[in-house]
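Here is a friendly briefing to read alongside the model. Please have the sequence and the structure open as you go.

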Amino acid sequence: MELILDATLGLVGTSHFSVVTMRDIALACDVNVALLYHYFSSKDHLIRAVLSRALGLITDDFESRRAAHEDDILGDIGAWFATHTAMAPTMMSRMVKLMSDQAAQPIKDPELDALVQGFYRFERDLILSTLAAGMAQGRYRPLDSDMLARFVGLHLDGIFHAAESRGEIRIAQDIQDLRAFLEAQLIG
């Protein structure tokens, strides 16, 4: 099953998911198309499973990093940045492309859209709660948390889109630059 999900993410991470066929996925996995339909009733079902697994792996990675970032001035945001940096080469760029392709569809799959929106809510809530705690403890200057959380989320997405569209693979450095910018805003 993981082979199918990984191969599908690889294909939709390089081509728009609407042009990837079940036959393409079967060829990439070296399995019969019937086997795909044994596990997944449709390509949409498979794409939802791929995105759900990718999002789960990202949040699991983040959770495993949280304790290591307790002394980090950015706390959970630092762990979130570390997850993005660590997973960029294998998953994040492909997942961001898949989510972008989904957003550009004229008719959206409601289940896939709910997964994407849930991911962004998770990210926003993580950033907001970290900022609120830091401001309450006096570690951060008082700032507009909503604006800053949106800025960070948009900038993270932009880093991945820029790497793809500009052909500049400097994701780790760009995340480090975002971190430095955020620290300067919060600590002064």
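What volume does the largest pocket have? The answer is about 200 Å³, where a pocket is an open set of points on a 1 Å grid over the protein atoms alone, with protein on both sides within 12 Å along at least five of seven lines. The volume is the space filled by probe spheres set on the points, with grid points joined across faces, edges and corners; the probe is 1.4 Å.

This is a predicted model, in which local features need pLDDT of at least 70 and side-chain atom pairs count only at pLDDT 80 or more, while totals for chains, interfaces and linings use all residues. Residues are numbered from 1 along each chain as its sequence is written, and side-chain values use heavy atoms, with hydrogens and water left out.

**Overall layout**

- The protein chain has eight helices and zero strands; helices (H or I, at least four residues) and strands (E, at least two) are DSSP runs numbered from the N terminus.
- Along the sequence, the pattern reads α-α-α-α-α-α-α-α.
- The C-alpha trace of the protein chain spans about 60 × 35 × 30 Å along its principal axes.
- Of the 188 residues in the protein chain, 44% are buried, a label for under 20% relative accessible area with a 1.4 Å probe and protein chains only; exposed means over 50%, and partly exposed is in between.
- Among contacts with a separation of 6 or more, 65% come from residues 24 or more positions apart, a contact being heavy atoms within 4.5 Å.

**The largest pocket**

- Its lining consists of Y120, E123, R124, A149, R150, G153, L154 and D157; lining residues have an atom within 4 Å of a point.
- Helices α6 (110–136) and α7 (145–166) each supply at least two lining residues, and α7 gives the most, with five.
- By class, this lining holds three nonpolar, one polar and four charged residues. Here Ala, Val, Leu, Ile, Met, Phe, Trp, Tyr, Cys and Pro count as nonpolar, Asp, Glu, Lys and Arg as charged, and the others, Gly among them, as polar.

**The second largest pocket**

- The second largest pocket has a volume of about 160 Å³.
- Residues lining the second largest pocket include G13, T85, P89, R94, F160, E164 and I171.
- At least two lining residues come from each of α5 (75–104), α7 and α8 (171–187), with α5 giving the most, five residues.
- The lining of the second largest pocket divides into seven nonpolar, three polar and two charged residues.

**The nonpolar core**

- In soluble globular proteins, nonpolar side chains tend to be buried together.
- The largest nonpolar core here has 55 residues, and F81 and M95 have the most contacts inside it. Such a core is a set of buried Ala, Val, Leu, Ile, Met, Phe, Trp, Tyr and Cys residues joined through side-chain atoms within 4.5 Å.
- Each of α1 (2–12), α2 (22–29), α3 (33–39), α4 (43–66), α5, α6, α7 and α8 supplies at least two residues of this core.
- The largest share of this core comes from α5, with twelve residues.
- Beyond its neighbours within four places in sequence, F81 is in contact with L74, V152, L156, I175, L178, R179 and L182.

- L131 is found in helix α6 and counts as buried because its relative accessibility is 0%.
- Setting aside residues up to four places away in sequence, L131 touches I77, Y140, S145, L148, A149 and L186.
- L131 and L143 are twelve residues apart in sequence, and their C-alpha atoms are 8.8 Å apart in space.
- S145 lies in helix α7, and its relative accessible area of 17% is why it counts as buried.
- With residues up to four places away in sequence left out, S145 touches L128, L131 and M135.
- R179 lies in helix α8 and is buried, with a relative accessible area of 15%.
- The side chains of R179 and E183 are joined by a polar contact of 2.8 Å. A polar contact is a pair of N or O atoms within 3.5 Å; within protein, one must be able to donate a hydrogen and the other to accept it, and residues adjacent in sequence count only if both atoms are side-chain atoms.
- Not counting residues up to four places away in sequence, R179 touches D72, I73, L74, G78 and F81.

**An exposed loop residue**

- D30 lies in the loop between α2 and α3 and counts as exposed, at 71% relative accessibility.
- Phi of D30 is near 60°, a positive value in a residue other than glycine.
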